[in-house]
Amino acid sequence: MQIEDNISSKLDAGREINERDIPTNLPVMAVRDVVVFSYMILPLFVGRLSSVGAVNEAMSRDKLIMLVAQKDSAVDAPGIEDIYHTGMVCMVMRTLKLPDGRLKVLVQAVNKAKITGFTQQEPFMLADIEVLSNEECSEIGVEIEALMRDVREQTEKILALKGIMSSDLMIVLNSVEEPGRLADLVISNLQLKVAEAQSVLELLDPVVRLGKVAEFLRKEVEVSTVQARIQSEAKEEMGRGQREYFLREQLQALKKELGDIDDRSLELDELREKFTKGRMPPEVKKEGLKQLKRLEMMHSDASEAAVIRTYLDWLLDVPWRKSSKDRLDLKEAKQVLDADHYGLEKVKERILEYLAVRKLNKTSKGPILCFVGPPGVGKTSLGQSIARALGRKFHRLSLGGMRDEAEIRGHRRTYIGAMPGRIIQGLKTVATNNPVFMMDEIDKVGADYRGDPSSALLEVLDPAQNTEFSDHYLNLPVDLSRVMFITTANMTDTIPAALLDRMEVIRLAGYTHEEKIEIAKRYLLPRQIKENGLKTGQINFAEESIARLITHYTREAGLRNLEREIGAICRKIARKVAEGGKGPYSVSNRTVHRYLGSPKFLPEAECESIDQPGISTGLAWTETGGEILYVEISLMKGRGSLTMTGQLGEVMKESAQAALSFCRSRMKELKLKEDYFDNLDIHVHVPAGAIPKDGPSAGVTIATALYSALSHKTVRADAAMTGEITLRGRVLPIGGLKEKALAALRAGITTVIMPEHNQKDLTEIPKDLRDKIKFVPVKNMDHILKIIFRQ
């Protein structure tokens, strides 16, 4: 109870307002966790829009508002069913607008009332009310006087148990002579549940209400008595614990004199020796000895002793100055990289450059590399090969779906179960301070109310800052400059710009047909033969069968599905061997379908599908690699509308509008009448309809398909195109040319039409791929229209 602080203000509440002066229709505001009683003056913080509207409505009228309790405080937008219908009519005495937009309101309870009906619910509630008059006691008899004395005595007991008893307070309580007023005064200061307090408010008979208050007081006296006893026992236990501590210290001194030292003393001495002789920075050693001294002063059973002991173990386990020796022989490192991965010359060259710098400058900082490419191109396995080439330990951390900043920075030791972040945990696992630390799926990091892990990674992945990385658990600077961080991503669009700026991006577009065959022969096939329990002589894979797997059973930039199909064939052969077959079993171009069934992809059929005007082939980039994109145009009589289907994004829809405007500007060349488009409906469709598509690079493809439909000319089936179109027909540069070229090769396309400004990107495309595909650079749509149609 908090009677002493506000009892006088409740008794001295301003003038009484006549019941007849209260309007029958008032704004209604729901309050949480409190029931307002008569004579109360209380401040309220109003934040909900509906509540602010109700207060403003009351201030614009006669400052009267109906306050009712909310049944469930967790409901943010209470409706008619979420509030009690009996409450208090209150006078708004003062309002103050706070900087955060909320209102601080001081209200005074005027009279009890009941809601009879609602006249408005939005944006705030208005209701018709019925003023309830408390019944008056004509005379106070012996029973009522005894009940009032009982309430005063129970209140006095509670105040005495809580240690806030004073003579002035009892004078105020004894001065209240009305049963109803005494009941409201006491109940408003009891910490009751809303439902219990509401049940008292709805009682109109003052004697019945005072009796209900007496029941709650007796219950509160019992609770307060038990609480006081618990506090007294706790003080006695604390005193006993202190006495035991001093006695144990004396016993420890006696044992030391007698040469009888216990296990705890030996453990503490061992920890002190580790900190004294350990290779660690001075500030770490100082903090460790300080915490060790605190541990010695504590009882071994104290809860904080276990926290400090765990913290000391972490300080000793972190490899502050323990490093693995780098393999600086560039020839040997190149042999390791070539043995593990075929191709990827740009990545290998970057690693060898780093080794050369390390060989000349021992204090150089580790690079922050980011491998970006579709799934299955070997980003993670490349990190393992880099660690093997450098002679370093390797640790992998998956960032996909991570939403808690503490995963990176760790928890503060004030929390139960606190522990360091994943960076420090990884260093402890590898036991060196210069491992190759791979962070997978950095493009899939999330964020919520627990923080943003991407922001924490800004410090980790910045060579200028990570020399003193601060983990919340250790609360000591950790040098991460010797760690070689490698991150992986499927795309850079979702990586924050500040984080992407700190990394050196190396793109892995995918593999050509020949590269896949060579990788399958060198790595995938031997691995699957071994994993399925076969021997090399039991299976014979012809190169032509691998080629058929690539062209007819997989369509990907990477190698996962190819390895999966090879594994499926090996499993079927393993079953034959397990059933007693002798072998060897040959897998040729003609026998692949016996193991895997009918082909899943028929690239030749796709190339032959363009057999009528209004269809063109485009190239698109996705996070899983390049894809072939078909655009279909249908022309119908109508009113000049443009319909676009196939889950097209806003940018792609704008490209379609630009393509239409370009074709309308070529009406003379198309020999069309000026009002031709006014009576024509155009439908643009991009299969497959269930896959979302967006981006500007399909502009030339849409324009070509539309021009084909209008001119009744058929587009070449062996050519695909990519580029952004302008209203004037200029072709603007695009990205992902290598991925798109690989997709064209997989689909049997022999000619790729691209923007002229992308010629510089041809150096990134392997020579064997450039030999198989003819790249035609163009500056505008007129150039495309000259070469794209069948002769």
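How many helices and strands does the secondary structure of the chain come to? The predicted model has 28 helices and 24 strands, where helices (H or I, at least four residues) and strands (E, at least two) are DSSP runs numbered from the N terminus. The radius of gyration of the chain is 40 Å, well over the 28 Å that the globule rule gives for 791 residues, so the chain is more spread out than a compact globule. That radius is taken over C-alpha atoms, and the globule rule is 2.2 Å times the number of residues to the power 0.38.

**Basis of the values**

- This is a predicted model in which local features need pLDDT of at least 70 and side-chain atom pairs count only at pLDDT 80 or more, while totals for chains, interfaces and linings use all residues.
- Residues are numbered from 1 along each chain as its sequence is written, and side-chain values use heavy atoms, with hydrogens and water left out.

**Overall form and surface**

- The C-alpha trace spans about 115 × 100 × 60 Å along its principal axes.
- Of the 791 residues, 47% count as buried (buried means under 20% relative accessible area, exposed over 50%, partly exposed in between, with a 1.4 Å probe and protein chains only).
- The chain exposes about 40400 Å², of which carbon and sulfur atoms supply 50%; accessible areas come from the Shrake-Rupley method with a 1.4 Å probe, and for residues only the protein chains shown count as cover.

**Contacts and charges**

- Among contacts (heavy atoms within 4.5 Å) between residues at least 6 apart in sequence, 74% join residues at least 24 apart.
- The chain has 113 positive and 113 negative side chains, and the centres of the two sets lie 9 Å apart.
- Lys and Arg count as positive and Asp and Glu as negative, whereas His and the chain ends are not counted; the place of a charge is taken as NZ of Lys, CZ of Arg, CG of Asp or CD of Glu.

**Individual loop residues**

- S324 lies in the loop between α10 (303-317) and α11 (330-340), and counts as buried because its relative accessibility is 17%.
- Not counting residues up to four places away in sequence, S324 touches G391, R392, K393, T432 and N434.
- P123, in the loop between β5 (103-120) and β6 (125-131), is joined to E122 by a cis peptide bond with omega of about 0°.
- D33 is not a glycine, although its phi is positive at about 60°; D33 lies in the loop between β1 (25-31) and β2 (41-46) and counts as exposed at 56% relative accessibility.
- A431, in the loop between α15 (422-430) and β9 (436-440), is a residue other than glycine with a positive phi near 60°, and counts as partly exposed at 27% relative accessibility.
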